[in-house]
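Dear colleague,

Please find below the structure for your review. My notes on it follow directly after.

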Amino acid sequence: MIYGGFEIKSFEMGKGQWHARIQRTDQKPVVIDGISFPMLDIGFAWSDRDAAIADAKTLIDQFQQRYGVRMSAAGASA
């Protein structure tokens, strides 16, 4: 799933323990406080896939507010 210029992948790590991983669609790393991350594993062990994805979307929205990470539909920095 693509959201806000990031690809979100959800996966189950153990029975009923859902996580999400995000990566920029342009494959560039996310830089947080000077540290480069090619992809990020998000949050807690959620009870279902939808909760993990919702948590990832919330984090992406926070990136956009805090760091000005804005992506165009084509994936280039805007």
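**Fold and composition**

The protein chain contains one helix and six strands, where helices (H or I, at least four residues) and strands (E, at least two) are DSSP runs numbered from the N terminus. Along the sequence, their order is β-β-β-β-β-β-α.

This is a predicted model, in which local features need pLDDT of at least 70, side-chain atom pairs count only at pLDDT 80 or more, and totals for chains, interfaces and linings use all residues. Residues are numbered from 1 along each chain as its sequence is written, and side-chain values use heavy atoms, with hydrogens and water left out.

**Confidence**

The mean pLDDT (the predictor's confidence in each residue, from 0 to 100) is 83 for the protein chain, and 85% of the residues score at least 70. Strand E1 (residues 2–3) has the highest confidence, at 95, and E4 the lowest, at a mean of 81. Over residues 71–78, pLDDT stays under 50; for these residues the model has 14 contacts (heavy atoms within 4.5 Å) beyond four places in sequence. Where pLDDT is low, the predicted coordinates should not be read in detail.

The accessible surface of the protein chain is about 4,900 Å², with 53% belonging to carbon and sulfur atoms; the areas come from the Shrake-Rupley method with a 1.4 Å probe. Of the 78 residues, 31% are buried, that is, under 20% relative accessible area (1.4 Å probe, protein chains only).

Not counting residues up to four places away in sequence, Leu40 touches Ala20, Arg21, Ile22, Val30, Ile32 and Phe63.

**A buried glutamine**

Gln23 lies in strand E3 and counts as buried because its relative accessibility is 18%. Its side chain makes a polar contact with the side chain of Gln27 (3.0 Å); such a contact is a pair of N or O atoms within 3.5 Å, and within protein one must be able to donate a hydrogen and the other to accept it, while residues adjacent in sequence count only if both atoms are side-chain atoms. Leaving aside neighbours within four places in sequence, Gln23 contacts Gly5, Phe6, Glu7, Pro38 and Met39.

Yours sincerely

Conventions:
Buried means under 20% relative accessible area, exposed over 50%, partly exposed in between (1.4 Å probe, protein chains only).
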